[in-house]
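This briefing goes through a multi-chain protein model in order of topic. Please keep the sequence and the coordinates open while reading.

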Amino acid sequence: MSAYTAVLTQSTDEWQLPDKGKVGMICLIVAEAAIFIIFVLAYIFYLGKSLSGPTPAEVLKLPVLGTVCLLSSSLTVHFAVAALERNEAPLSSLWLALTVLLGGIFLADTAVEWHELIYEHGLTIRTNLFGTTFYSLVGLHASHVIVGLGMLSLVLLFAVAGKLNSSHAHRLHVLSYYWHFVDAVWVVVFIVVYVLGR
Amino acid sequence: MQTAGAMTFDSPPSHPKLWLDAVNEWFTTVDHKRIGMLYIGYALVFLLIAGLEAAVMRIQLAVPNNHFVSPQVFNRMFTMHGTTMVFFVGMPILFGFGNYLVPLMIGARDMAFPRLNAFSFWISAFGGLLLYFSFIGGYGLYGAGTAPDVGWFAYAPLTAKLFSPGHSTDYWILAVFLSGIGSVGTALNIVTTIVCMRCKGMTMARMPLLPWLYLVTSAMVFIAIGPLTAAQMMLGIDRFLGAHFFDVQAGGSAVLWMHFFWIFGHPEVYILVLPAFAFANEIIPVFSRKPIFGYSAMVGATVLIGFISLGVWAHHMFTVGLGPAGNTFFTLATMIISVPTGIKIFNWLATLWGGKIRFATPMIFSIAFLFQFLIAGLTGIMLSAAPFDWQLGNSYFVVAHFHFVLVGAILYMIFAAFYYWFPKMSGRMLSETLGKWHFWLFTIGFHLTFDFMHVPGLMGMPRRIYTYEADRGWAVWNMIESIGMIFQAAAILIFVWNVVRSYRHGEEAGPDPWDAWTLEWSTASPPPHYNFAEEPVVHSRRPLWDLKHPQAPDSDYE
Amino acid sequence: MTVMQMHEPWWRRAMQWVTDLFSTPTSIFSPQATPAHTIFSLSMLVLAITLAIFLAVAGMLLYAIIRFRHRAGDSNADPTQVYGSNQIEVLWTVIPILILVVLFLSTARVISVTEQARKPANALDVVVIGHQYWWEYRYPALGVVTANELHLPASDPKAPTPTYMTMSSADVDHSFWVPNLAGKMDLIPNKINVMWIDPHKPGLYLGQCAQYCGTAHAKMLIRVYVDSPADFAKWIAHQKMAAENDPAAAEGKLAFEHTACVNCHTVTGTSAKGKFGPDLTHLASRDTIASGTIKNTPQNLRQWIDDPDSMKPGSLMPKMNLSSLELDAITAYLASLH
């Protein structure tokens, strides 16, 4: 039975409602998605409207390494959750560590990209409309990656200290929703900024 | 312990406390009832302050070419009045009632995330304090300091550093940003609580309409607050990092700000009005002595309103040059939203029809709400016709329209909610006599000010002007409006006195003073901190009706 | 009171008082041009429909609260519990939809007729640029630049000569609203909006800025002079001339050209070529200064130049800190610029 019918037709004996953590996280994701959509819309709106300065086609390169790492990290965090649900804490720790590493590589890749854009191409947030919308959108996403990595590292810390077991799997699952969201946003950003926009 | 039939009540234990302990309890509480009351109290304080700002404006506008305040001060007054009323009165008070009532009405013991609840309150509260701190900077309070003066919707590029130097706009950005975080937190809590914590037997179809409307409201918060937050981040990045989101010199667009703001702004007014509808859905049936007519239609209409409201925003931009296609589309969408809204009014009418109406104070406010919301909706339909809006937009006609909604509908239902649920929150009744004085004085004042306000709009008076020429023929109308303000001020003072006095000396209420039907009336007044001694089990939409009428329970008819 | 008035019956005087209450030069209900006429007709339809709805629904509400009130002596038993009716819900969904169809179609027609009107060949083109807190008017085809007082030719319905206004802003958002002539249109920086006015009756029409634009927003007034075609031609011919060079005002002209005035203002035929403030070439031909807020007399002009903020708080024209003699001379010069 889907959660919806479960809510409507259950008798009072088996009264099962959806999980708080998941519902709450979905709400947060919707709210954050609304913010990102506006930044994406601004980016699209201002494509080609810069009065001067570097254009996307001139300076942007496909961030292949970062993208592959970030998207793979969704897989690894999924395995981390599955492992913890089976109470295999050490395996879960391994997958978590891999997730954090992959996320870290993504951030490093972004940092290298930005360094090049700023120092070699002279593109900053105040250079032109492209600079403004690019750094804001990618930066907003990166800040969400940082928060996610922070949370995942915290869990990793607990895992390494041997404090994690299957009773915490639910919380890790909820956190993984956030991480999947961050990755989904990256897919959109990647397509809009690096594929369609160039 | 008191017992009544099949219900049992627990009174909370009483013990003497140091006042410092009491303050500490309030500061650290995570109880949804306490947090709800904090929101409500906070909002009431800001209602008085924003009301003062309105009074200053009405005094300045009472006669043409007046010199009561300078234009700089006046412009800060209307900006602060609007910003305060929307973000630090409207949102908190409606979330306050939601916080208090939703868990009780669905038979839960608290919200899903009590600590997030407290955090949401305190961060919103901080936003409000930050906004008002702006008065103290710069020239100081008399010169209205560095309070924002860009209007509550802060159009670009007036908000650019070039045209608004100093920090006044920055206060606006930060304060509203923080309030947005609080709103999202509370909305998240409300949705999760409703979806995940209903008591046994309470399917979604058996949930009272108040939680239903708060559910839709909260869903709208997720979708609508994001655009505002994003726009403010963009404005902040423009002002602080030299970016160009709204920098017309660099090719930026002033119209983009308007789109982003109104994509938030229009759903926002529905976010403000749906809780008022929620109160009406609970109060009108109880005082008509009949269930709400057309429960499913009401739910459906609410969901429809929620959806459609996301697609009408540019009716605030009819004069901006959207082009005929844009103007036609938004006219159509705005007109369409009047259908589910009308359905609601008709269902309330049908609830009254055939009832045995008792005119207690909550009910007289609700009846005035029905008439006034009808008028507000009709002036809204007038404004939805884009060419008509080309004349009336940005004039006092619009100001009259939205005050009919915000004051005539929303504030009236907030008053009704106060008189109805204050007994539950405090254990004491508010004085009916003072309530009637409050109602009549306020209604006289409200109509003096806002009925006649339509006229200067039709006579060409734009909004946000600190004074006007004597030869325009607007003077008499403005004077009448200003006189109305005096009545409203007097009424509010009576209301505040009623609340303060009744908190300690009001008549004792008992658990169910109104003979109502939803779960909050099954527990003591005020409820113990765990709400219910035993988790309720329900079999229909009106569990207390079923208990009081075992021979004809609702579950037989639903 | 005149003898006539003293003998007027009280009710006629009362009616006059009521009519005066509604008398205003800026009413949306006294259209003197298209599209104000078109909007007025639509507004009458909208008002009629909403009034009918109001009377019907408010009537029923009133009836309900009177007829179904609990009277003293009534039993306390609850009335019949009615839960709803699908047929009624359908009824009061369909009827409003039908009303809205009528309303929407009428509205869509007016939008189209106004915004998609074909521009006649002899339409006059005016460029309107909004500034904090004044209006710049340019007639590109006629080579005229002026400020704050807009002159338009009256249009003959048989051979229309509407004025097409191309509008933008030099700084923040503004809005051009002259209710007797047309609906309002916003002036937005980095955006071009076009609106047209087809006035039929010569006369002076008033309005003001309708989008909050800063401190002195309330004092950004509009004066539109609709002239007969002959008068308009005369006005144009006069405005095209270079600035008057009255020898009596030579001292003032010298002072003017050597002060910071020239940084902001233009007077054609002199070295003053500033663009930030209004064009002053024919300042003395205008009825008002400070965008319609002050009568154009030498006394007012002198005080304005001395301390603009004292007459229009928030004005961006700075205090010029001139000596009394310089003030007199420059005022005399500007007053000579017919």
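The model is predicted, and local features are given for residues with pLDDT of at least 70. Chain B has contacts with chain C, involving 98 residues of chain B and 89 residues of chain C. Chain B is also in contact with chain A, through 39 residues of chain B and 33 residues of chain A.

- The secondary structure of chain B consists of 16 helices and 2 strands.
- Along the principal axes, the C-alpha atoms of chain B occupy a box of roughly 70 × 55 × 45 Å.
- Of the 558 residues in chain B, 70% count as buried.
- When contacts in chain B are taken between residues at least 6 apart in sequence, 81% of them join residues at least 24 apart.

**Interface of chain C and chain B**

- About 8000 Å² is buried between chain C and chain B, and carbon and sulfur atoms give 69% of that area.
- The salt-bridge rule finds 2 salt bridges across this interface.
- One of the salt bridges joins C:Lys219 to B:Glu469, with the closest N and O atoms 3.2 Å apart.
- Between chain C and chain B, 36 residue pairs are in polar contact, with both residues at pLDDT 80 or more.
- On the side of chain C that touches chain B, at least two residues each come from helix 3 (36-67), helix 4 (86-115), strand 8 (185-187) and strand 10 (203-209) of chain C.
- Helix 3 of chain C supplies the largest share of that side, with 17 residues.
- By class, the residues on the side of chain C that touches chain B are 50 nonpolar, 28 polar and 11 charged.

**Interface of chain A and chain B**

- The area buried between chain A and chain B is about 3000 Å², with 79% of it from carbon and sulfur atoms.
- On the chain A side, the residues that lose the most area to chain B are A:Trp15, A:Lys20 and A:Ile38, which together account for 20% of what that side buries.
- The count of salt bridges between chain A and chain B is 0.
- Polar contacts between chain A and chain B come to 8 residue pairs, both residues being at pLDDT 80 or more.
- Helix 1 (3-9), helix 2 (20-46) and helix 6 (129-160) of chain A are the elements that give two or more residues to the side of chain A that touches chain B.
- Helix 2 of chain A provides 16 residues, the largest share of that side.
- The side of chain A that touches chain B divides into 22 nonpolar, 8 polar and 3 charged residues.

**A residue in chain A**

- A:Thr67 lies in helix 4 of chain A, which covers residues 64-85.
- A:Thr67 counts as buried because its relative accessibility is 10%, and the cut-off for buried is under 20%.
- Beyond its neighbours within four places in sequence, A:Thr67 is in contact with A:Phe106, A:Trp186 and A:Phe190.

Technical notes. Residues are numbered from 1 along each chain as its sequence is written. Chains are lettered from A and ligands numbered from 1 in the order in which they are written. This is a predicted model: local features need pLDDT of at least 70, side-chain atom pairs count only at pLDDT 80 or more; totals for chains, interfaces and linings use all residues. Side-chain values use heavy atoms; hydrogens and water are left out. Contact means heavy atoms within 4.5 Å. Buried area is the accessible area (1.4 Å probe) that two parts lose on being put together, summed over both. A salt bridge is a side-chain nitrogen of Lys or Arg within 4 Å of a carboxyl oxygen of Asp or Glu. A polar contact is a pair of N or O atoms within 3.5 Å; within protein, one must be able to donate a hydrogen and the other to accept it, and residues adjacent in sequence count only if both atoms are side-chain atoms. Helices (H or I, at least four residues) and strands (E, at least two) are DSSP runs, numbered from the N terminus. Ala, Val, Leu, Ile, Met, Phe, Trp, Tyr, Cys and Pro count as nonpolar, Asp, Glu, Lys and Arg as charged, and the others, Gly among them, as polar. Buried means under 20% relative accessible area, exposed over 50%, partly exposed in between (1.4 Å probe, protein chains only).
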